[in-house]
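Trainee: Could you take me through one spot in this model in detail? I would like to follow a single side chain and then see what surrounds it.

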Amino acid sequence: MPYEKSKIQQEKLDTMTKRLKNLAESYQESPENIIEVLKFKAKFHEYSYRNNALIFKQNKFATFVAGFDRFKKMGYSVLKGEKGMNIFCPCRVDYVFSNEAGDYIPISKASPALVQLAKHNMVETKTVTYYKVGTVFDISQTTCPPSDYPKYYSMGYENSNKSMLYEAIKKFAKEKLKCSVEEADVKSISRRGYYISGENKIVINMLLRDSEKLSTLTHELGHAILHNDPKIVEKTDIIQVEFEADCLGIMLTNHLGEEIEDGRLRHFSDYYQSYKNRLENDVELPPLEQAVENAYTHFKNVVDSIDEAIQTQEIQLQTNLLYNNQFSNSIHELENADTITVDIELNNSEAMNLDFNM
């Protein structure tokens, strides 16, 4: 009956909402991860407010920034062809007053006698600071391997099942949503991916490994399903947009029987708390339950199609595996055969058996 069906769906929604709330509220960042990040950050130079603003303007997702020489001292090299970010580098020049010149001259050009007078404070000196343009790079632009990143910025790990799910969801996005998925260099290790509603395109950080690629794709797929109209997105609070995408992504992850990665939990918990704070401060947002319901409704509409895409991908992989095994066995048999019989059909004539001694 329609009533009974509606009641069951509401119970499922209530259960899902409760699970999401518990998940967001129970998440706690590992203190060890925070300490590790702080230790790693200590290896990098602290930039002025002005330089931080310049870096942000050129790459707002830059995570760990340093110059060419600093990275070299750390054992890493800047990748060939990478374009750095420009900052202002202070250059301090010491001057000494020269009676002969009647003015201050750089101490590097002063006579040894004048330098000695300056050291003993017997002549006037001054220091002038100039600024020149320098170049810095994000750690993603270097040879630093993902294994050296702090665990807080883990790039994930390789896993064949997660890889299969990732490829299946990519196909679903392309065939059912007309949404392309591409992996690209995003010049950052903190930016995992993004969705461009105007182009209906998902971009995944090329540095990610299977587990994080799948985690990121499920979130960005949430955007592709929920937020594919740029006009609506412009009018919607970014907190709501990210929270809804996380809800759908986590629903899909649970449906797939996969664990939720730490980075996704962190992101979800942060936006959940921000959503609650906005509501407590009377910011006009729909109730949390309504945002969850919106994600749940869209999730139900696509989950069967996603399952079909996964089944198709599994069949394809099994077929490829079977073919490869048969091919390998055939090669093995040929390598161990004394004689090979080859059938050659020439026009309509009878096939000829030709024996080749190995």
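Mentor: Happy to! Let's start with the side chain of T218, which reaches the backbone oxygen of S215 at 2.7 Å. This is a predicted model, so please read that distance as a computed value. T218 sits in helix 7, which covers residues 210-226. Is T218 buried or exposed? Its relative accessibility is 2%, and because buried means under 20%, T218 counts as buried. Leaving aside residues up to four places away in sequence, T218 touches I169, G249, L252 and T253.

Now for the space beside this residue. Searching the whole structure for cavities of 30 Å³ or more turns up one, and the largest cavity holds about 90 Å³ of space. T218 and S215 are both part of its lining, and so is T253. Other lining residues include K162, S211, L214 and L256, along with E258, E259, I260, E261 and R264. Which element gives the most to this lining? That is helix 7, with four residues. Sorted by class, the lining has five charged, four polar and three nonpolar residues.

To put this in the setting of the chain, there are eleven helices and nine strands. Of the 358 residues, 36% are buried, and T218 is one that counts as buried. Among contacts between residues at least 6 apart in sequence, 66% join residues at least 24 apart. Finally, the accessible surface of the chain is about 22,300 Å², with 50% of it belonging to carbon and sulfur atoms.

Conventions: Residues numbered from 1 in each chain as written. Predicted model: local features only at pLDDT ≥ 70, side-chain atom pairs only at ≥ 80, totals over all residues. Heavy atoms only, no water. Helix = DSSP H or I, 4+ residues; strand = E, 2+ residues; numbered from the N terminus. Buried < 20%, exposed > 50% of the residue type's maximum accessible area, 1.4 Å probe, protein only. Polar contact = N/O pair within 3.5 Å; in protein donor to acceptor, adjacent residues only side chain to side chain. Contact = heavy atoms within 4.5 Å. 1 Å grid on protein atoms, 1.4 Å probe; cavity = no way out; pocket = protein on both sides within 12 Å on 5 of 7 lines; lining within 4 Å. Points joined across faces, edges and corners; volume = space filled by probe spheres on them. Nonpolar A, V, L, I, M, F, W, Y, C, P; charged D, E, K, R; others polar. Areas by Shrake-Rupley, 256 points an atom, 1.4 Å probe, with all protein chains shown as cover.
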